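Welcome! Please take a look at the sequence and the model below, and then we can walk through some of what is there.

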Amino acid sequence: MTEQKRVPNEKNPVGAAILSGLFPGVGFFYIGNYMKGLAYMVIFATLIVLQVNGRGHEHVVFGLMIAGFYIFQIFDSFDEAKKTRYREVAA
């Protein structure tokens, strides 16, 4: 039976947060979570389309949703990178 050892991962949580700040979802691609990164890109693009095509007060509502989601996904990429900071390898 092989023994498992925890070694640090090269992915930096601050780097993931900065990349997510540049464009939503990219930080997740950096840490290897491709499905979540793609989902966040689609959500962000959908919110932008809804905001652009909104009528009346919808512009404000979707604008606030964009801002909230943008900030949320930065913190989420940082937290996700911290969770995957270590990986198991055979010793």
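Which residues form one aromatic cluster? They are Phe28, Tyr40, Phe69 and Phe72.

## About the model

This is a predicted model, in which local features need pLDDT of at least 70 and side-chain atom pairs count only at pLDDT 80 or more, while totals for chains, interfaces and linings use all residues. Residues are numbered from 1 along each chain as its sequence is written, and side-chain values use heavy atoms, leaving out hydrogens and water.

## Aromatic pairs

Searching the whole structure gives seven aromatic pairs. Rings of Phe, Tyr and Trp (its six-membered ring) pair if their centres lie within 6.5 Å; planes under 30 degrees apart count as stacked, over 60 as edge-to-face and the rest as tilted. The ring centres of Tyr40 and Phe69 are 5.2 Å apart and the planes stand at 75 degrees, so this pair is edge-to-face. Tyr40 sits in helix H3 (residues 34–52) and Phe69 in helix H4, 29 residues apart. Helices here are DSSP runs (H or I, at least four residues), numbered from the N terminus.

Tyr40 is buried, at 9% relative accessible area, and Phe69 is buried too, at 11%. Buried means under 20%, exposed over 50%, and partly exposed in between (1.4 Å probe, protein chains only).

Phe44 and Tyr70 make a tilted pair, 6.4 Å centre to centre with 40 degrees between the planes. Phe44 belongs to helix H3 and Tyr70 to helix H4, 26 residues apart. Phe44 counts as buried at 13% relative accessibility, whereas Tyr70 is partly exposed at 28%.

Methods
Helices (H or I, at least four residues) and strands (E, at least two) are DSSP runs, numbered from the N terminus.
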